[in-house]
Amino acid sequence: MKRPNHRFSRRYQAELRKCLAGGARAHPPVAERLGRIALSEGLEVLELAHVHAEALLSLVPSTCPASARARTVNRARAFFLDALVPIERTHRTMVENAALLKRLNSSLHRRTAELVAANRQLRREIAQKEAAEHSLLLSEKRMRGLSHRVLLAQEEERREISRQLHDEI
């Protein structure tokens with residue numbers, strides 16, 4: 001729990017005093033501004049509640065009649081709820097962002113798994129293509145060898161026929 005600074009506590013108490021002295025519901029913008037200040041100082045709901053409780057205790061005398069005490073507490077409650085508005089907005093946004101982040105992470109994990117599977121399939125296809133290419137190169141080499149031997153055999157047969165013709169003449 002973060003300890004609120006003394007300056008903020010004094011300011012909160014002064015604004016609450018003005019609110020309580022004002023009678024009807026005081027100015028919500030004042031309380032909301034204090035809520036934004038509390039938020040900027042890193043205070044959470046419980047810390048602000050502690051500041052509010054201390055301020056209220058110091059402003060409401062114990063000798064105050066019960067009916068006046070009830071009116072004062074109701075005005076102070078409204079002031080406190082107005083001060084909580086910025087914190088509540090921030091928390092709501094944080095919860096929404098956390099839910100969005102969870103959905104995005106889930107989507108990211110699913111997409112990553114899909115990409116891993118696609119990469120595996122691509123590696124298999126590449127290996128198959130490389131094997132086919134290697135096989136094709138070997139076949140081509142054998143065909144060249146056979147072709148060369150056929151040409152040599154044809155050349156040898158031509159020479160043999162040529163010698164036979166020459167000998168007959």
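Me: Which residues in α1 meet α2, and which ones in α2 do they meet?

Reply: In this predicted model, the α1 side of the contact is made by F8, R11, Y12 and E15, and these meet V30, R33, L34, I37 and A38 in α2.

Me: Now α3. How do the axes of α1 and α3 cross?

Reply: Helix α1, residues 6-21, and helix α3, residues 45-59, have axes that come within 9 Å and cross at roughly 55°. That angle makes α1 oblique to α3, and the crossing in which α1 passes α3 is right-handed.

Me: Which residues make that contact?

Reply: From α1 the contact takes F8, S9, Y12, Q13, L16, R17 and L20, while α3 brings L48, V51, H52, A55, L56, S58 and L59. Sorted by class, the contact of α1 with α3 holds 9 nonpolar, 4 polar and 1 charged residues.

Me: S58 is in that list, so is S58 buried, partly exposed or exposed?

Reply: S58, which is found in helix α3, counts as partly exposed because its relative accessibility is 46%. Its C-alpha lies 8.4 Å from the C-alpha of Q13, although S58 and Q13 are 45 residues apart in sequence.

Me: What about E54, where is that placed?

Reply: E54 has its place in helix α3, and with a relative accessible area of 40% it is partly exposed.

Me: Let me switch to α4. Which residues in α1 meet α4?

Reply: Those in α1 are Y12, E15, L16, C19 and L20, and in α4 they meet T72, R75, A76, F79, F80 and A83. This contact of α1 with α4 divides into 8 nonpolar, 1 polar and 2 charged residues.

Me: Are α1 and α4 parallel, antiparallel, perpendicular or oblique to each other, and why?

Reply: Their axes come within 10 Å and cross at roughly 130°. Angles from 65 to 115 degrees count as roughly perpendicular and those over 145 as roughly antiparallel, and α1 and α4 are therefore oblique to each other. As for handedness, α1 passes α4 in a right-handed crossing.

Me: Y12 keeps turning up. Which residues does Y12 touch?

Reply: Leaving aside residues up to four places away in sequence, Y12 touches L34, L48, V51, H52, A55, F79, F80 and A83.

Me: And which residues in the largest nonpolar core touch the most other members?

Reply: That core has 24 residues, and those touching the most other members are F8, Y12, L16, L48 and F79. The elements giving two or more residues to this core are α1, α2 (28-40), α3 and α4 (66-168).

Me: Where does the largest share of this core come from?

Reply: The largest share comes from α4, which supplies 7 residues of this core.

Note on methods: Residues numbered from 1 in each chain as written. Predicted model: local features only at pLDDT ≥ 70, side-chain atom pairs only at ≥ 80, totals over all residues. Heavy atoms only, no water. Axes fitted to C-alpha atoms, helices over the stretch in contact; angles between N-to-C directions. Helix = DSSP H or I, 4+ residues; strand = E, 2+ residues; numbered from the N terminus. Parallel < 35°, antiparallel > 145°, perpendicular 65-115°, else oblique. Left-handed = near helix turned anticlockwise from the far one by under 90°. Contact = heavy atoms within 4.5 Å. Nonpolar A, V, L, I, M, F, W, Y, C, P; charged D, E, K, R; others polar. Core = buried A, V, L, I, M, F, W, Y, C linked by side-chain atoms within 4.5 Å. Buried < 20%, exposed > 50% of the residue type's maximum accessible area, 1.4 Å probe, protein only.
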